[in-house]
Amino acid sequence: MHKSLAQFSRSAELFADSRCYLAGGVSSGMRAAARPLPLFFSSGSGSRLTDVDGNQYIDYTLAWGPLILGHSHPAILSAVGAQLKQCQLLGAQNELEVLVAKKICQMVPCAERVAFSTTGTEAVQIAFRLARAFTGRRKIVRFEGHYHGWLDDALVGYRPSFNSSEHKPEARLSTNKNGNAADEMVVLQWNDLEEVEAALKNHGEQTAAIITEPILCNSHCLLPAPGYLEGLRNLATRYGVLLIFDEVITGFRVAPGGAQALFGVKPDIATFGKAVAGGFPFSVVAANREIMDLIEQRKVIHAGTFNGNPLSLAAACATLDTLDEDQGAVLKQIGRTGKSLMMGIEGLAQAAGIPVLINGVGAGFNVAFTTRREMLNYRDTLDSNNSARDVFLEAMLASGIYLLPDGRWYVSSAHTLEDVARTIDSVGKVLLKHKAKLMPV
Ligand code: PMP
């Protein structure tokens, strides 16, 4: 076995076995990117994860975001445990639905009514349906590098190759010829209001919605340029188009009311998933009453066997109560913990003479190996040095720090000052030891 795999020998065995039966050896394609291999884990507690070889890690993946309170948070486990004693699934109403719906409407600025589903992908699909039914239009404006789930239409334009003809401006703005899902997506560059205005000038009357991640977490955690979200809001209003914030990552992570509360820009529709139930499968679409009434009027179909399942609702209740306590003190603390990591990493990289760019906010950020000092959109992320990133991630893993394969860091309330100190210590050692491989190419 290769030396770098010796530490993960049981994971390697299980992965080889898994590939014989489970397509690709993993349950979500994104996990296949883990290096040096997708690890198998046996338990998680607080900020720590333990793999099947007995290695322990400080976990900054948080299951790709949901574990905002860390692994096995006592309040969540006890709420779910108590619910489990009552029943597991009803396919009918239960009181927790009302509690959670009310709570979200109190916390989220754009929410007058909500609808529940299980995954972020579904919540986005409901949002598209609502926008199309509300406006009577079909096109959706979306942005390169933003991820809105894995269904066909939502994947159009997610990660375009730079020279792809699909992304010549005239093709991007082409009118709907065939009426299929791909033709209904208008893919633009983010952080450029002129592009949006030009598209709406041409196609405003056919456009139902603009969908955006309010912070571009899926591509280097880029922040909206000052005034950009406000600009989108104004353009959407001017052209009678609905503005959708996909808050599946930012929701209940960057502020109790999501990015819309953080930036003070109210979308027409917002989608939530991941952190809302602290690690249980649960998603939400939220909007004003007029839009959401389309569901009651049966103009928009919303269904699902597992919608509003009591276990996820119990988890959501416990999570939201914790996040809403004390004017959002928990998320403020997470923000501070993350900021100290961001500053620590930046300082060490600077001292080592290794150019890095850290984008994002404390609760979620990305470390890119690049000489760029600023990134505005997906295209700006493409020349980051990904082999340097992979060297860094593998070395961090070997030193007990578990990170996502795209260089993203998620921070939870379970991360302690001691975790931060240990992490920063590992970063310093890794940067110095691997400096030659971490420099720009
Ligand atoms: N929207 C965004 C912004 C996401 O990051 C994701 C998942 N990473 C989704 C939607 C889809 O959510 P799910 O994986 O729960 O279907």
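Which residues have the most contacts inside the largest nonpolar core? They are Ile 104, Phe 252, Phe 392 and Trp 409, in a core of 64 residues.

## Model and conventions

This is a predicted model: local features need pLDDT of at least 70, side-chain atom pairs count only at pLDDT 80 or more, and totals for chains, interfaces and linings use all residues. Residues are numbered from 1 along each chain as its sequence is written, and side-chain values use heavy atoms, with hydrogens and water left out.

## Domains

The domain assignment gives domain 1 (3-71 + 328-438) and domain 2 (74-326). Such bounds come from an automatic or database assignment. The two centres, taken over C-alpha atoms, are 26 Å apart. At the interface, 32 residues of domain 1 are in contact with 37 residues of domain 2. Contact means heavy atoms within 4.5 Å.

## The nonpolar core

A nonpolar core is a set of buried Ala, Val, Leu, Ile, Met, Phe, Trp, Tyr and Cys residues joined through side-chain atoms within 4.5 Å. Buried means under 20% relative accessible area, exposed over 50%, and partly exposed in between (1.4 Å probe, protein chains only). The largest core here has 64 residues. Its largest share, nine residues, comes from helix H12 (residues 310-324). Helices (H or I, at least four residues) and strands (E, at least two) are DSSP runs, numbered from the N terminus. Why does this core lie between domain 1 and domain 2? Both domains give residues to it.

Phe 392 touches Phe 369, Leu 403, Trp 409, Val 427, Val 430, Leu 431 and Leu 438, not counting residues up to four places away in sequence. In soluble globular proteins, nonpolar side chains tend to be buried together.

Ile 345 sits in helix H13 (residues 329-352). Its relative accessibility is 2%, so Ile 345 counts as buried. Neighbours within four places in sequence aside, Ile 345 is in contact with Ile 358, Phe 365, Val 367, Trp 409, Ile 424 and Val 427. Glu 112 is 233 residues from Ile 345 along the chain, and their C-alpha atoms are separated by 41 Å.

Ser 426 belongs to helix H16 (residues 417-433). Is Ser 426 buried or exposed? Ser 426 is buried, at a relative accessible area of 8%. With neighbours within four places left out, its contacts are Met 396, Ser 399 and Ile 401.

## Ligand site

Which residues surround the ligand? They are Thr 119, Gly 120, Thr 121, Tyr 147, His 148, Gly 149, Glu 213, Asn 218, Asp 246, Val 248, Ile 249 and Lys 274. The criterion is a residue heavy atom within 4 Å of the molecule.

In the side chain of Asn 218, an N or O atom is 3.0 Å from an oxygen atom of the ligand. For Asp 246, a side-chain N or O atom is 2.7 Å from a ligand nitrogen atom. Lys 274 places a polar side-chain atom 2.9 Å from a nitrogen atom of the ligand. The protein covers 84% of the 390 Å² of accessible area that the ligand has on its own. Accessible areas come from the Shrake-Rupley method with a 1.4 Å probe.

## Backbone details

Arg 35 and Pro 36 are joined by a cis peptide bond, with omega about 5 degrees. Pro 36 lies in the loop between helix H2 (9-19) and strand E1 (41-45).

Leu 62 is not a glycine, yet has a positive phi of about 50 degrees. Leu 62 is in the loop between strand E3 (56-59) and helix H3 (74-86), and counts as buried at 0% relative accessibility. Cys 221, also not a glycine, has a positive phi of about 55 degrees. The loop holding Cys 221 runs between strand E7 (207-212) and helix H9 (228-238). At 1% relative accessibility, Cys 221 counts as buried.

Note on methods:
Polar contact = N/O pair within 3.5 Å; in protein donor to acceptor, adjacent residues only side chain to side chain.
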